[in-house]
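Subject: Structure for you to look at

Hi there,

Here is the structure I promised to pass on. Have a look at it first, and then read on for my notes.

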Amino acid sequence: MQSLRLKIGAGYLILVSIGLATSIFALLKFIQLRKQVAPIIRVTYQNALAAENLIRSLDDQEHALLSAVIDDPELYRAYFNDNRDIFINWLVRMKETAPTKFQNSLIDSIIATDSLYNQSAEVLFYYLVEKNDRRLGLKYQKFVLRPIAERLRNQCSRLLEENQAAMMSAEDRIYTITQEAIISMIIAIITSIVLSITTSIRFTRTVIHPAEKLTEIVRKIGQGNLNQKIDITTDDEIGVLSSEFNKMTERLRQYEEMNIHQLLAEKKKTETIVSSISEPVIVLDASGKLILINRAAATLFAINNWENKYPHEVLNDPKLINVLEQYLLPSPPLEQPDYLFSIERNGTTFFYRPHFTHIVDDSGTSLFTVFLFHDVTKFKTLEKMKSDFIATVSHELRTPITSLSMGIDVLLQNIAGTLTPQQHEILSTAKDDIERLRKLTSDLLDLSRFESKQYELQKELVNLSFIVENVSRTLRLQFQQKKIQFQNLIPETLPPVFADSEKLTWVFTNLLNNALRFTNSGGKITINAEKHNDNILVSVEDTGEGIPEEYHESIFDKFVKVKQATDTTPGSVGLGLAIAKEIIEKHNGKIWVKSKLGVGSTFFFTLPLNE
């Protein structure tokens, strides 16, 4: 068997060898180019530099001879000899590197002319130094030395021109050599690319093509077509994988045929169990379509032809549709839906409360959502009976309580005779207890009216700041007695709300009384309000004892009291916040609390502006 690793390694080895061969060829070409170009550049540059220096030193010699005629001959004789040595030095260097015969012959002519020029210069210095005849020296310099110098300069200029021509020729040679090197590199690169592509194609056919075929077959099997088989054309690891994959698909096909009957049986059993449940059950898939409805749900909600349809296509109750669809969102609410459905059947009203459960896979993805509707009709009936009983008892107690209160008032006013101090104290205590009973019966009657929907709000445009000022005015004495600071921060620009001013006054009074009760002397109570979206958000904040976190939800229930261990003063029976909640919800608002022990509490409620 040929290993797949060996094939891949051989392919990479070929590609690396092609790249290495191309790199070595390029390196050799660059070395050859440097060997050919460097001497040409060096010689031509040196010859051109030497020719320029010859002309410069010749000019310096002429300047020395002319200055010797005018000034000190001995001084300029030394200057002449120095520049002549420089001239000879550069001439010898050019003689050694002259590239052509013509340049050699031209250098020889320059040497001969320079010898004549040097001899003539010695004659000039003889006239100037030995004879001390400047006039003769000037004529000799003008008519003898200058023509020789001109001829010598012309020869040096021709030598410079020849060097420049040699440089142009060298440039052409360098260009030719470079072009040859570039063509050779291009040929090598094209050859390398062709070989690499050929090797890659063969490698793809050998390794990638079987893998692509394997992937295509796997995709078809993943779609449920288990009759696929992979043709084994290689004896490497892919061939072994294909063989094992064929065995696996065969086992899967057998397993599917063996278990399909069991799956159908389980499905029928599940449907039978759901159908036999007496309470309504609705099951939706992840896309929100109805996949299962038991007989109780179909009868209760009058559902027909529901298979693979969405709830809004078969249901008529908008509230039920909203419950089913909002719990299929990507981030559904964590709490169970607190809805209550009332449905009339044959003159009887039935009440149902929905509960949902997500069925998820191993990764936590929701597959199905099961809704179970609990029949709470019996509990609603008991609750109504309890409310009716409380309302009846409260109503019946009002008359005797009023009579007792009036009788005690008569006795306390000494109309029936003078009372002793002990009798007066006993009657005063009884009067306080009767007042608490009267308040309790009044609260119970108010609560029963709200719960039975018998009370209609008397709505009008009201100013919240005005209501708070009136409430705080009635409680001013209590604020002063407990030395508690009160602040009304409701802005004057706050828009009015459409609400029942009497009931809102009751809510503010109850919240401020609670704050006063649980705030120690020297504390602070603040009321504020602001526009928040389409609502007015009101807050009542105190610096009191705070409310334990476990009571944050339950304090709005009936008969729930939060009493500290050190609290010995009789309080309410726990109806104030329950009534406040009923009033705020009757206004289509919400009420809640945020509190921390030892820091204080803040009660919030909202009132809509869009009514």
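Which residues make the nonpolar surface patch of about 460 Å²? In this predicted model, the patch is formed by L20, I24, L27, L28 and I31. L27 belongs to helix α1, which spans residues 4–70, and it counts as exposed because its relative accessibility is 52%, with the cut-off for exposed being over 50%.

Helix α1 also takes part in the salt bridges. The structure holds 5 of them. In one, the side chains of R153 and D59 meet at 2.9 Å, N to O. R153 sits in helix α4 (residues 134–222) and D59 in helix α1, so this pair ties together parts that are 94 residues apart in sequence. R153 counts as buried at 18% relative accessibility, while D59 is partly exposed at 34%.

R153 has another partner, E150, with 3.1 Å from N to O. These two residues are 3 apart in helix α4, which means that about one helical turn separates them. E150 is partly exposed, its relative accessible area being 36%. D59, E62, E150 and R153 are linked in a salt-bridge network.

R84 and D114 form a salt bridge too, at 3.8 Å, N to O. Since R84 lies in helix α2 (residues 73–97) and D114 in helix α3 (residues 101–130), the pair ties together parts that are 30 residues apart in sequence. Both R84 and D114 are buried.

Most residues other than glycine have a negative phi. K483, however, has a positive phi of about 55°. K483 is in the loop between α12 (476–482) and β7 (485–488), and it is exposed, with a relative accessible area of 64%.

N588 also has a positive phi, near 65°, and is not a glycine. N588 follows α14, in the loop between α14 and β11 (591–596), and it counts as exposed at 54% relative accessibility. As for helix α14 itself (residues 576–586), its buried residues are G576, L577, A578, I579, A580, I583 and I584.

Best wishes

Definitions and conventions. Residues are numbered from 1 along each chain as its sequence is written. This is a predicted model: local features need pLDDT of at least 70, side-chain atom pairs count only at pLDDT 80 or more; totals for chains, interfaces and linings use all residues. Side-chain values use heavy atoms; hydrogens and water are left out. Patches are made of residues with over 30% relative accessible area and no salt bridge: like charges are joined within 9 Å, nonpolar side chains (Val, Leu, Ile, Met, Phe, Trp, Tyr) within 5 Å. Accessible areas come from the Shrake-Rupley method with a 1.4 Å probe; for residues, only the protein chains shown count as cover. A salt bridge is a side-chain nitrogen of Lys or Arg within 4 Å of a carboxyl oxygen of Asp or Glu. Helices (H or I, at least four residues) and strands (E, at least two) are DSSP runs, numbered from the N terminus. Buried means under 20% relative accessible area, exposed over 50%, partly exposed in between (1.4 Å probe, protein chains only).
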